[in-house]
Amino acid sequence: EGAGAPTPCPAGTFHNVTGATSASQCEVSPSGFYSPAGSHSPVPSPPGHYVDSEGAGAPTPCPVGTFRNGPGATSIEQCELAPIGYYSEAAATLFPCPAGTFLNETGATSVDQCQITPAGYFSLSGASSPTICPPGMWQSQSGADSCLESDIGYFSSQPGSKAQTACLEGTYQSLPGQKYCSHAARGNYSR
């Protein structure tokens with residue numbers, strides 16, 4: 001009897017030659033590859049997924065909190081934990097913690113796990129820990145992505161300063177970003 005239309009190879013199999021006459025000619029996809037129904041060749045598991053058995057019709061996503069950069073993973077063990085400073089909400093998608101936050105654990109699954117940087121510190125995107133503001137700089141706000149220079153007439157002597165300090169009478173500072181004030185020289189004064 002004549003065929004009106006070809007029948008696709010079932011999911012998990014493929015056939016790369018024309019003229020097949022039965023499903024038994026469809027080949028089973030190897031581990032690390034999958035084949036949707038009607039495939040002419042197996043497809044490597046995409047980044048963020050794995051295929052741990054032969055004959056798969058679709059890849060399995062890596063669990064939340066893990067990622068996989070490259071294709072062709074053959075087991076869940078090839079999915080890596082999100083590194084410190086990053087989180088993974090979905091397979092193959094790695095996000096850095098936003099600037100002004102940090103994260104010092106692996107396997108994070110949400111931006112909510114990123115911690116707010118405290119005052120006196122700053123954090124860039126993807127930070128594993130906050131960075132202390134150096135002397136001459138300060139930061140009064142939590143969640144900052146930078147420190148502020150001490151203004152002219154002010155100083156910040158300690159690392160992690162949360163405020164700048166005005167120069168005392170008899171001292172001055174004519175430059176921004178300084179960690180001390182200078183005494184007025186003989187013949188001069190400063191209020």
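Predicted model: local features only at pLDDT ≥ 70, side-chain atom pairs only at ≥ 80, totals over all residues.
A polar contact of 2.6 Å joins the side chains of Thr117 and Ser123. The largest nonpolar core is made up of five residues, while the largest pocket has a volume of about 340 Å³.

**Thr117 and its surroundings**

- Thr117 sits in the loop that runs between β12 (115-116) and β13 (121-122), and its side chain is the partner of the Ser123 side chain in the polar contact of 2.6 Å.
- Thr117 counts as buried because its relative accessibility is 0%, where the limit for that class is under 20% relative accessible area.
- When neighbours within four places in sequence are left aside, the residues in contact with Thr117 are Gly100, Thr101, Phe102, Phe122, Ser123, Pro130, Ser142, Gly143 and Ala144.

**The largest nonpolar core**

- The five residues that form the largest nonpolar core are Tyr87, Cys97, Leu103, Ala108 and Cys114.
- Cys97, one of the residues of this core, touches Gly85, Tyr86, Tyr87, Phe102, Leu103, Cys114, Ser125 and Gly126, when residues up to four places away in sequence are not counted.
- Phe102 is therefore found both among the residues touched by Cys97 and among those in contact with Thr117, for which the buried class follows from 0% relative accessibility.

**The largest pocket**

- The lining of the largest pocket consists of 17 residues, and those that lie nearest the centre of the pocket are Pro6, Thr7, Ala20, Thr21 and Ser22.
- By residue class, the lining of the largest pocket divides into nine nonpolar and eight polar residues, with no charged residue present.
- The volume computed for this pocket is about 340 Å³.

**Residues in the loop between β1 and β2**

- Cys26 lies in the loop between β1 (13-14) and β2 (27-28), and Cys26 is classed as buried because its relative accessible area is 13%.
- Apart from neighbours within four places in sequence, Cys26 is in contact with Cys9, Pro10, Thr13, Phe14 and His15.
- Cys26 and His49, which are 23 residues apart in sequence, have a C-alpha to C-alpha separation of 24 Å.
- Val17 is likewise placed in the loop between β1 and β2, but Val17 is classed as exposed because its relative accessible area is 51%, the limit for that class being over 50%.

**Ser41 and Pro44**

- Ser41 has its place in the loop between β3 (33-34) and β4 (43-44), and a relative accessible area of 32% makes Ser41 partly exposed.
- With neighbours within four places in sequence left aside, Ser41 is in contact with Phe14 and Ser35.
- Although Ser41 and His15 are 26 residues apart along the chain, their C-alpha atoms are separated by 6.5 Å.
- Pro44 is located in strand β4, and Pro44 counts as partly exposed at 36% relative accessibility.
- Leaving out neighbours within four places in sequence, the contacts of Pro44 are with Gly32, Phe33, Tyr34, Pro71 and Gly72.
- Pro44 and Ser31, at a distance of 13 residues in sequence, are 9.0 Å apart in space from C-alpha to C-alpha.

Note on methods
Residues numbered from 1 in each chain as written. Heavy atoms only, no water. Core = buried A, V, L, I, M, F, W, Y, C linked by side-chain atoms within 4.5 Å. Buried < 20%, exposed > 50% of the residue type's maximum accessible area, 1.4 Å probe, protein only. Contact = heavy atoms within 4.5 Å. 1 Å grid on protein atoms, 1.4 Å probe; cavity = no way out; pocket = protein on both sides within 12 Å on 5 of 7 lines; lining within 4 Å. Points joined across faces, edges and corners; volume = space filled by probe spheres on them. Nonpolar A, V, L, I, M, F, W, Y, C, P; charged D, E, K, R; others polar. Helix = DSSP H or I, 4+ residues; strand = E, 2+ residues; numbered from the N terminus. Polar contact = N/O pair within 3.5 Å; in protein donor to acceptor, adjacent residues only side chain to side chain.
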